[in-house]
Amino acid sequence: MIKHVINKTWPLLLSFLVPSLFMLIYFASRGMAPFDRSSLLTVDMGQQYIDFFAFFRNTLLHHPGSFFYSFSKALGGETTSLWAYYLMSPFNLLLLPFSKGGLSTGVLIMTVAKYGCAGLSLGWVLNRLQIQSGWRLPMFGTIYALSGWTIANQLNLMWLDALIVLPLVVYGLECLIKQQRWLPYVSWLAVAFIVNYYMAYMISLFTILYFIFSVVWHWQSWHRLLINGLQYVGASVLAGGIAAFILLPTYFALQLSKASYTLTKFKWTWDYAPLKMLGKLYPGGFNFAQMPKGQPNLFVGAAVLILVVAFFIEDKFHWSVKLVASLITIFFVLSVSFTPLNLLWHAGQFPIWYPYRFSFIVSFWLIWLAAITWRPEKHLNWWSIGVTTLLLVATDTYVFTNSHHLNFITTGQIITGTVMMLIALICLSPLAHRFRWLLYLIPLLTLVDMGTNAILSLNKISYVPQDQFAIYTNILDQTSQATKKLNSSLYRVGTTFQRTKDDPMQGDYFSGSHFGSTLERKTTGFYDLTGNPDGDGFVTYANGTEFMDALLNMKYFWSVNDIPLVGHHSEYKYLPTLTRKPDLHDYSAAKQLPQTTIYQNPNSLGMGFMAAKQTLDVKQIIHDPMTNQNQLWNALLGQSSQTKLFTAANFNGVTFTNTNHLTNITGSTLTKIKPRKPAQMTLTFTPQTDDAYYLSLGANLQKDNVKMLLNGQPLAQYQTFRNTVLVNIANQQKDEPQKITFALKKNALWLQNVTLYQLPQQAFQTGIKQLQQHPLKVTDWGQTHISGHVIATHKQPVLMTSIPAQDGWQAFVDGHRVSTHTIADEFIALRLAPGPHHITLRYRTPYLGAGIFISLVSLAVLGASEWLKRRHNNDEFVK
């Protein structure tokens with residue numbers, strides 16, 4: 001009995017251990033935390049996901065309301081869709097024991113676990129369906145777990161769950177088709193939807209193709225095909241219904257964010273020359289340049305490629321099965337090269353980095369064909385070996401002669417891949433019938449083949465040092481905790497340093513920056529139109545004026561001290577500068593820590609304040625940040641629209657070096673006179689007051705086009721912006737000459753929207769005091785609710801808030817539900833009658849209730865169907 005259990009268990013145990021231990025040993029050899037001073041943090045893992053993992057911990061351990069809404073997401077936003085895309089994996093629970101600075105170690109453990117579970121998943125399914133057994137289970141499991149797609153996308157941890165679930169969905173589909181059992185298919189497809197709806201969408205498309213393949217493979221009759229088809233559709237709908245509690249609110253949330261970028265018109269063209277993908281069949285066919293834009297990562301090893309050829313050549317399968325498999329394979333080849341099909345798999349959106357994200361399905365398909373083809377007791381025939389050899393020669397010839405067009409391939413990689421193929425051909429040839437030991441070389445060859453690809457590919461990627469992450473995170477957390485001790489009310493915090501745009505989620509505080517696929521488009525639009533950097537999926541509060549600081553309730557600002565950390569490193573290595581902010585001279589230092597200082601903004605208007613009725617007229621704003629800020633200012637105070645808070649200031653002088661001379665600066669083009677020599681323009685001005693001065697810069701003034709200096713030093717400000725931004729140039733610097741230099745990096749430079757503005761402090765302070773007269777005094781708050789008291793007057797009847805106006809917010813005045821107004825296409829406002837009022841704002845996730853109801857009904861239907869089926873089977877057994 002024990003021997004039987006061992007014989008049954010060891011192949012599955014190895015299916016988990018071989019890929020997971022291999023990757024663990026590799027990570028240790030690279031010095032990844034906790035083994036040494038490196039980490040697995042790279043690209044989006046280091047710039048985005050690690051902060052979401054900290055947010056995951058904070059939500060589960062401290063703020064459960066953050067599952068629905070969080071003010072750490074830019075200015076505030078729904079988070080159900082963020083969880084649905086990034087954080088629903090059960091593997092994330094492995095992170096709970098780790099501190100924030102130690103999360104990188106948790107990421108390594110989770111990554112290794114997912115590698116192992118991917119191998120185990122395929123091994124279990126192959127064994128359960130009696131397709132393979134024994135040592136062949138860990139062999140195919142290792143190929144699947146260490147495929148080229150997995151290696152290239154291991155940093156996108158939330159996608160790896162799809163790799164684990166895919167074989168189980170296929171297993172469920174096999175049970176549905178062959179045995180009419182709904183439970184496995186419905187359950188695993190529902191799990192896929194719950195864990196990551198994006199990858200589940202791709203898996204769902206694949207189930208259509210696999211259903212066609214499977215019914216032909218297990219053909220019975222046209223009548224059975226009709227029944228299977230109806231069952232497949234019903235079971236798929238039921239799986240979606242079970243996941244409706246997360247899918248329904250996510251779908252509607254995405255209409256305001258990611259889905260708003262979906263393309264409706266396709267170009268009938270090729271993404272690249274399709275033959276280029278042949279280079280991806282060689283080990284090591286991946287590098288950093290392939291992340292933003294490249295070919296699909298299709299490496300599955302030599303043995304799989306040989307067995308796939310054998311599937312189509314040898315006589316194991318009926319011609320109809322081969323025909324369907326051929327059509328599906330051709331469809332996959334087109335999908336990873338033909339633009340309309342590529343967009344279909346990505347739900348109508350070109351991926352931003354990490355192209356051909358669905359290619360894990362292509363890899364699975366190839367591995368599956370290989371697995372159902374190979375029987376060790378029956379070697380491949382010479383015809384299969386010969387055709388594969390000819391294909392190898394043709395592929396080698398193409399890749400070698402075109403390697404200069406493939407930035408991920410080298411001669412060494414071509415030779416390595418060819419040698420692996422030749423050895424595999426010998427091991428799988430009829431010679432294995434005479435020399436049995438050749439057969440047992442295949443598992444070792446497979447591990448060497450897949451391992452070589454993993455090592456060559458990952459060695460080309462650089463990673464964030466563990467100290468750089470841990471020290472910064474600890475400083476951020478210390479500063480956040482110190483600020484909360486100063487003030488535990490509801491406010492936002494600005495910073496002059498930043499590691500990532502999701503620092504607020506890492507440090508558990510509220511700010512104005514965020515980077516995520518589910519960021520609301522209206523929020524990016526508001527940043528665009530008020531002078532702060534934005535993009536498709538990110539905003540950065542790096543260029544706020546004193547007015548915007550006040551309006552958005554930036555009550556505190558954190559700045560770096562000029563004090564080195566203990567040891568020989570300075571804190572600038574760990575606290576990267578985000579922006580220059582002389583405005584801090586107008587704020588008071590509330591607390592100084594060893595590496596940071598907390599400044600308090602005396603102009604903060606709170607999360608809500610009473611404003612003039614003209615506020616309700618600010619519906620849309622235009623593409624001019626200073627005009628927009630003036631418009632908002634005047635409306636809040638009830639002033640004439642002709643009044644200007646920010647006024648244009650003149651430069652005192654301008655000098656040109658190796659460029660044409662300009663009379664007007666903004667909108668003109670600087671051109672080099674001698675193209676090969678340096679060229680620059682220098683603007684000078686001397687502030688006549690201690691007021692704050694801001695310089696507007698159009699999107700053309702990017703770091704690729706110009707280097708900007710302020711008084712001879714690089715202008716410290718956030719580099720990536722696609723619309724006009726406002727840079728704080730001077731403050732409290734009366735009679736101190738300022739010199740702004742534009743050094744051309746190209747032969748011409750368009751001086752887009754280059755204008756100097758002045759903020760008169762006296763007028764600003766007068767207006768701020770008026771707006772601070774009747775604030776919303778918050779008495780109770782959480783992530784999904786705010787309650788407080790406010791006094792409305794005839795002159796100030798509008799409660800203006802800095803809470804984004806999103807579906808789900810409900811307003812109650814003195815216990816009665818009231819309608820809300822949207823200001824500047826972004827913020828919630830209420831019209832109140834004069835007098836004192838009790839205000840309550842509550843957030844309820846749209847369609848969550850409907851989603852839960854559908855999920856419960858779907859579970860009930862599934863449970864009832866299983867009960868009826870078991871009862872029917874019992875009755876049949878009794879008979």
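These legends walk you through close-up views of a predicted model. Residue numbers start from 1 along each chain as its sequence is written, and side-chain values use heavy atoms, without hydrogens or water. Local features need pLDDT of at least 70 and side-chain atom pairs 80 or more, while totals for chains, interfaces and linings use all residues.

**View A. The largest pocket has a volume of about 1,000 Å³.** A pocket here is an open set of points on a 1 Å grid where a 1.4 Å probe fits, with protein on both sides within 12 Å along at least five of seven lines; lining residues have an atom within 4 Å of a point. Look for Asp44, Ile352, Lys501, Phe515 and Phe538, which lie nearest the centre among the 40 lining residues. Helix 2 (44-61) is one of the helices that supply at least two lining residues, and with four residues helix 2 gives the most.

**View B. The second largest pocket holds about 840 Å³ of space.** Its lining has 33 residues, with Leu278, Leu281, Leu305, Val309 and Leu366 nearest the centre.

**View C. Tryptophan 437 sits in the loop between helix 18 (431-434) and helix 19.**

Definitions and conventions
Grid points are joined across faces, edges and corners, and a volume is the space filled by probe spheres set on the points.
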